[in-house]
Amino acid sequence: MERTTYYDPKDLKKFGNISDWDAELGKAFFAYYGKVFEEGALTAREKSLIALAVAHTIQCPYCIDAYTEDTLAKGCDEEQMMEAIHVAAAIRGGSSLVHGTQMMNKFKELAM
Amino acid sequence: MKTTKSLHAQHHKLADNDYQLKVLETHEVATADFEKFEDKLKQIHLFPFKPVKTEIFQVNVGYMCNQTCSHCHVDAGPDRKEIMTRETMQLCLEALATTDITTVDLTGGAPEMNPDFRWFVEEISKLGRKTMVRCNLTIIMANKKYHDLPEFFAQHKVEVISSLPFYNKSRTDAQRGDGVFEDSIAALKKLNAVGYGREGSGLILNLVYNPSGAFLPGSQIILENQFKKELKRLYDIEFNSLFCITNMPISRFLDYLIESGNYESYMQKLIEAFNPVAAENVMCRNTISIGWDGNIYDCDFNQMLGLKVNGGAPNHIKDWDLDKLNSRDIVLNQHCYGCTAGSGSSCGGSVA
Ligand code: SF4
Ligand code: SF4
């Protein structure tokens, strides 16, 4: 079948298939992944919100779908989810702006 | 604005049981082939599906309700007139008296709207059985005649089980209707005031969480901790346990699934999350459900699909025979996946 799009929601379900071509690394990755999201010093819910924010930073449509559903299932509401994304946006925006200091340094170095 | 009419009153296609079964069993709205629930049970050697000991006698005393929640599997609402009569209640009491079933679970609609509700609870108390009531909370605030329900419940040591989809207004009202959150909080405060949910009172107040949308509930224990913390912090409200219930793909939730384009993916989610341990513990194995008209069902969901008990067991309360009921085959269909997904779901929450 001809592919008409780079991202297909159905592909998310095939995530596990990455192990088909390298079982050892695939297995190790999913074991690690599972462990990361367990309750720990941070709750599973807090981790899910972090994942949602990161998903927006890396702009991964699979992760956005997966962690929208996961945060919902873990009892987050739309306010909390949007706040998490603003954290991502603030850090992203801030990280561009803070480099402005580098521009200013260089400017001062070069300009009269 | 949300509709406040039941599917029944709208003469909606899904108000027809046969049509609901057609949706569940055929390609009426889905293109995917869903494995038969029965076949899943065969694979784990649980078919034919048999009850274990019947411990809970669940009675649906009528479909009338002051609310019209969008996920309601009963299609309850103010316009529903199906109500259990005192005569049928009497038959239930007589049946119950012949058994050692310890618990009666009263449900509806809003069971308190049945004019014989209090009489029924008193008679169950006289038989020495424990009563649980599925109270929607807002009924307590709905009319002066219901304001003293908390005291009445306390007097008969009724266990109160109440839905609260979330501890904030937007998620709650989206599912249960405008203003429901505030009335629910007010009712919970009244229940707490007579001792419900307070440590050492012996009065049990359990809350029910079900997702407001086409997703499965998360871990019950995690959500319970969060509800406890937030309800205490925000409103000084206490309760005993939180039951997580999966929305069943029937009636109004089925309508929502179809209308929102989520039906197929939701069924797939339920099927992918099939859990054999949950299957072993589903509630129809220890519960029997009596309809407002005295018909007998394996569970309240089968009741709403018109699937009466079969396998030679009597299917009306006037012919009650617990031995025969205990050896029946449970009637199954595709909606049963709602009970076996993830940690499972029953009227008492997760089962695995
Ligand atoms: S879910 Fe409960 S409160 Fe809501 S309409 Fe149905 S019976 Fe009434
Ligand atoms: S829907 Fe009813 S019959 Fe089916 S598994 Fe659940 S409780 Fe049992």
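How many salt bridges are there over all chains?

A: The count comes to 31 salt bridges over all chains. A salt bridge here is a side-chain nitrogen of Lys or Arg within 4 Å of a carboxyl oxygen of Asp or Glu. This is a predicted model: local features need pLDDT of at least 70, side-chain atom pairs count only at pLDDT 80 or more, and totals for chains, interfaces and linings use all residues. Residues are numbered from 1 along each chain as its sequence is written, chains are lettered from A and ligands numbered from 1 in the order in which they are written, and side-chain values use heavy atoms, without hydrogens and water.

Start with chain B. E159(B) pairs with K130(B), with the closest N and O atoms 2.7 Å apart. E159(B) lies in strand 4 (residues 159-163) and K130(B) in strand 3 (residues 130-134) of chain B, so this pair ties together parts 29 residues apart in sequence. Strands are DSSP runs of E, at least two residues, and helices are runs of H or I, at least four, numbered from the N terminus. E159(B) is buried, at 10% relative accessible area, while K130(B) is partly exposed, at 39%. Buried means under 20%, exposed over 50%, and partly exposed in between (1.4 Å probe, protein chains only). Chain B also holds a network of salt bridges linking D75(B), R80(B), E82(B) and R252(B).

Now chain A. E109(A) and K106(A) form a salt bridge, 3.0 Å from N to O. Both sit in helix 6 (residues 100-110), three residues apart, about one turn of the helix. E109(A) is exposed at 56%, and K106(A) is partly exposed at 43%.
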